[in-house]
Amino acid sequence: MTASVQELLSTFDSLSELERLEIVSEILKRVTHLDFPPLSDEDLSWNAEELFLELDKQESAYE
């Protein structure tokens with residue numbers, strides 16, 4: 001991940017929930033017309049693993 005992307009995500013994380021929803025809405029509008037190649041099984045597995053690790057981390061924080 002580039003420094004610019006990390007900075008964008010950091011800024012995103014510091015926004016209010018309403019502002020984050022507004023940004024997500026705008027980003028989704030802009031990417032719906034992009035032609036993405038299909039994800040490989042490896043990509044899907046990696047993304048699933050990252051999501052589950054993040055969920056585990058969040059669950060641990062609530063316990």
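Glu26 is partly exposed, at 34% relative accessible area. In this predicted model, Glu26 pairs with Lys29 in a salt bridge, and their closest N and O atoms sit 3.3 Å apart. Lys29 counts as exposed, at 52% relative accessibility. Both residues belong to helix 2, which covers residues 17–31. They are 3 residues apart there, so about one helical turn separates them.

Side chains of opposite charge can pair when their charged atoms come close. How many salt bridges does the structure hold? The count is 2.

The other pair is Lys57 and Glu54, whose side chains meet at 3.9 Å, N to O. A salt bridge needs that separation to be within 4 Å. Where do Lys57 and Glu54 lie? Both are in helix 3, residues 41–62. Here too the spacing is 3 residues, about one turn of the helix. Lys57 is exposed, with 58% relative accessibility. Glu54 is partly exposed, with a relative accessible area of 34%.

The table sets out accessibility for the residues of these pairs and for two further residues.

| Residue | Relative accessible area | Class |
|---|---|---|
| Glu26 | 34% | partly exposed |
| Lys29 | 52% | exposed |
| Glu54 | 34% | partly exposed |
| Lys57 | 58% | exposed |
| Asp13 | 55% | exposed |
| Trp46 | 52% | exposed |

**Overall fold**

What secondary structure does the protein chain have? It comes to 3 helices and 0 strands. From the N terminus on, the order is α-α-α. The chain is more spread out than a compact globule, because its radius of gyration is 15 Å, well over the 11 Å that the globule rule gives for 63 residues. Along the principal axes, the C-alpha atoms fill a box of roughly 40 × 35 × 20 Å.

Buried residues make up 0% of the 63 residues in the chain. To count as buried, a residue must have under 20% relative accessible area. The chain exposes about 6200 Å². Carbon and sulfur atoms supply 59% of that area.

**The largest pocket**

The largest pocket holds about 190 Å³ of space. Which residues line the largest pocket? They are Val5, Leu8, Leu9, Thr11, Phe12, Leu15, Ile23, Val24 and Ile27. By class, the lining has 8 nonpolar residues, 1 polar residue and no charged residues.

Which helix gives the largest share of the lining? Helix 1 does, with 5 residues. Helix 1 spans 3–14, and helix 1 and helix 2 each supply at least two lining residues.

Asp13 lies in helix 1. Asp13 is exposed, at 55% relative accessible area. How far is the C-alpha atom of Asp13 from that of Ala3? The separation is 15 Å, and the two residues are 10 residues apart along the chain.

Trp46 has its place in helix 3. Is Trp46 buried or exposed? Trp46 is exposed, with a relative accessible area of 52%. The cut-off for exposed is over 50%. Between the C-alpha atoms of Trp46 and Asp13 the separation is 23 Å. Along the chain these two residues are 33 residues apart.

**Picture by helix**

Helix 1 contains Asp13 and gives 5 residues to the lining of the largest pocket. Helix 2 contains the Glu26 and Lys29 pair and also supplies at least two residues of that lining. Helix 3 contains Lys57 and Glu54, along with Trp46.

Note on methods. Residues are numbered from 1 along each chain as its sequence is written. This is a predicted model: local features need pLDDT of at least 70, side-chain atom pairs count only at pLDDT 80 or more; totals for chains, interfaces and linings use all residues. Side-chain values use heavy atoms; hydrogens and water are left out. Helices (H or I, at least four residues) and strands (E, at least two) are DSSP runs, numbered from the N terminus. Buried means under 20% relative accessible area, exposed over 50%, partly exposed in between (1.4 Å probe, protein chains only). On a 1 Å grid over the protein atoms alone, a cavity is a set of points where a 1.4 Å probe fits but cannot get out, and a pocket is an open set with protein on both sides within 12 Å along at least five of seven lines; lining residues have an atom within 4 Å of a point. Grid points are joined across faces, edges and corners, and a volume is the space filled by probe spheres set on the points. Ala, Val, Leu, Ile, Met, Phe, Trp, Tyr, Cys and Pro count as nonpolar, Asp, Glu, Lys and Arg as charged, and the others, Gly among them, as polar. The radius of gyration is taken over C-alpha atoms; the globule rule is 2.2 Å times the number of residues to the power 0.38. Accessible areas come from the Shrake-Rupley method with a 1.4 Å probe; for residues, only the protein chains shown count as cover.
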